[in-house]
Amino acid sequence: MRLLQKLEQKNTVLQKYIDYRGSLHHLELKGKVSNRMIFEGKEYIVWCLNDYLGLMHHSESITAAAQATSEFGPSYPHSVRLTIGHTEAHNYLETQLSNFMGTEDSMLVNLGYQGFMSIIDALTDRHDTIVYDQKCHACLMDGVRLHNGRKFAFKHNDINHLETQLQRAQKNHRPESGMIIVIVDGLYSMHGELAKLDEIVRLKKQYNFSLFVDDSHAFGVFGQNGKGSPEHFDVEEEIDVYVSTFTKSFGNLGGFVTAKKPIIDYLRFATRSQIFSRSMPLPMVLSVSKNLEIFLREPQRRQKLWENTIRFQEGLRSLDINIGLTQSPIVPIQINGSHQDGLKVFFDLRAMGIFSYIVAYPVVEKNTCLIRMVCTHNHTQQDIDETLSVFKTLKERYPRSLSASQIDQSVHKGF
Ligand SMILES: Cc1ncc(COP(=O)(O)O)c(C=O)c1O
């Protein structure tokens, strides 16, 4: 079999999705997308941006990026960090991040996905054992896939199973030549639930492992000061490697890792995706730096995000709509039924002016599907109330698909 023939077979399976190009995926956007947007001439309320704090379009952040672009071009500096891809602004943002997080040092990565995958690769060798949550983000999974030592998945957020896997990991493990490292997301992006960092950390002494947390969805959102899930659980000191993207709360591109200085010193030389790929462009760096300043001086953004989240989620719950066990601004509308049932609700939402997206297997468990909605700072009370009124109508139209009380509890087995 040759390539084209092989892909023709795969595309036959994908055909039902390919046909939705432009309506379900690969939408051709033409204007600004915030809490509202115009799509194909019609106005929609948008519930699928991870711009939690509404910083994506902040004028100061845009000005910072625009000035740098007009002076240096959109992609300066033109090389990798180790050679001539490093600027004072990159340094400054790393210092800002370390100061904010209270850590010894930080390193920017040009994209969260390739950065985090590659950090896992850099930190581990064949003598090490990785124990990871089976629902970790795809970039962490790819990092684990690169690992040529032992690896054990534990059932999602199941601490008893984590302990079982740690016991297995300890067997034949030689602590003098390798480590055990546990990898989790701080907040899981599809169902919106937190990792149980307090319980995970309690196992650290007994099983002597290092802990890696991808906090992309909790950074800026959770914790008294917005330092994410470790601050929320008061376990900051116990996190050995903390990573987050800037594409969520900080409304931009790129990401960072923060940790003790020797770890960051090592990563600067060992993270292949950052050594062999260009650094984060200066306009992005300056704009994230500005967003961090705004974030620090406007804590009310986080407060408004949470007020919106509570208003929206309470409204949905009072309609008896199943939003699972979310603990965050991520609102998974769980469909009690097939993907086809989900699509009916989804396209009716669209027809009634609500923009969101539908998530099916393999992103969530087989035979389940959800409509993922995300609350942000920018949503207004009117946006929320209009959306709730649409859901009220849809609940009457699709009582079985949307009902919380009728949901098959097996859907929740992942929690
Ligand atoms: C948990 C998590 N980690 C990493 C990433 C990748 O980040 P980036 O968009 O910066 O590549 C994402 C993005 O969706 C994410 O949700």
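This is a predicted model: local features need pLDDT of at least 70, side-chain atom pairs count only at pLDDT 80 or more; totals for chains, interfaces and linings use all residues.
Domain bounds here come from an automatic or database domain assignment.

View 1. Residues are numbered from 1 along each chain as its sequence is written.

**View 2. Where the domains meet.** Here, 17 residues of domain 1 are in contact with 13 residues of domain 2; contact means that two C-beta atoms, placed from the backbone, lie within 7 Å. On the domain 1 side, helix 13 (300-318) and strand 10 (330-335) are the elements that give two or more residues. Helices (H or I, at least four residues) and strands (E, at least two) are DSSP runs, numbered from the N terminus. Sorted by class, this side of domain 1 has nine nonpolar, five polar and three charged residues. For that sorting, Ala, Val, Leu, Ile, Met, Phe, Trp, Tyr, Cys and Pro count as nonpolar, Asp, Glu, Lys and Arg as charged, and the others, Gly among them, as polar.

**View 3. Inside the largest nonpolar core.** A nonpolar core is a set of buried Ala, Val, Leu, Ile, Met, Phe, Trp, Tyr and Cys residues joined through C-beta atoms within 7 Å. Buried means 20 or more other C-beta atoms within 10 Å of a residue's own, exposed means 12 or fewer, and partly exposed is in between, with C-beta atoms placed from the backbone. The largest core has 103 residues, and Val131, Val182, Ile183, Val257 and Val331 touch the most other members. Each of domain 1 (15-46 + 299-414) and domain 2 (60-297) supplies at least three residues to this core. Zoom in on Val257: setting aside neighbours within four places in sequence, its contacts are Ser106, Met107, Val109, Ile119, Val241, Tyr242, Val243 and Leu267.

View 4. The ligand has 14 residues around it, and Gly112, Tyr113, His137, Ser216 and Thr245 come nearest; a residue counts as near if its C-beta atom, placed from the backbone, lies within 6 Å. The shell holds four nonpolar, eight polar and two charged residues. Helix 4 (residues 112-123) gives the largest share, three residues. From first C-alpha to last, the 12 residues of helix 4 reach 16 Å, close to the 16 Å expected at 1.5 Å a residue; that expected span is 1.5 Å times one less than the number of residues. Helix 4 is mostly covered, with 11 of its 12 residues buried, including Gly112, Tyr113, Phe116 and Leu123.

**View 5. Two cis prolines.** The peptide bond from Tyr76 to Pro77 is cis, with omega near 5°. Look for Pro77 in the loop between helix 2 (59-72) and helix 3 (88-101). The bond from Tyr361 to Pro362 is cis too, with omega near 10°, and Pro362 lies in the loop between strand 12 (357-360) and strand 13 (369-374).

**View 6. Two asparagines with positive phi.** Asn157 has phi near 55° and sits in the loop between strand 5 (150-154) and helix 6 (159-170). It counts as buried because 23 other C-beta atoms lie within 10 Å. Asn208 has phi near 50° and is found between helix 8 (204-207) and strand 7 (210-214). With 13 other C-beta atoms within 10 Å, Asn208 is partly exposed.
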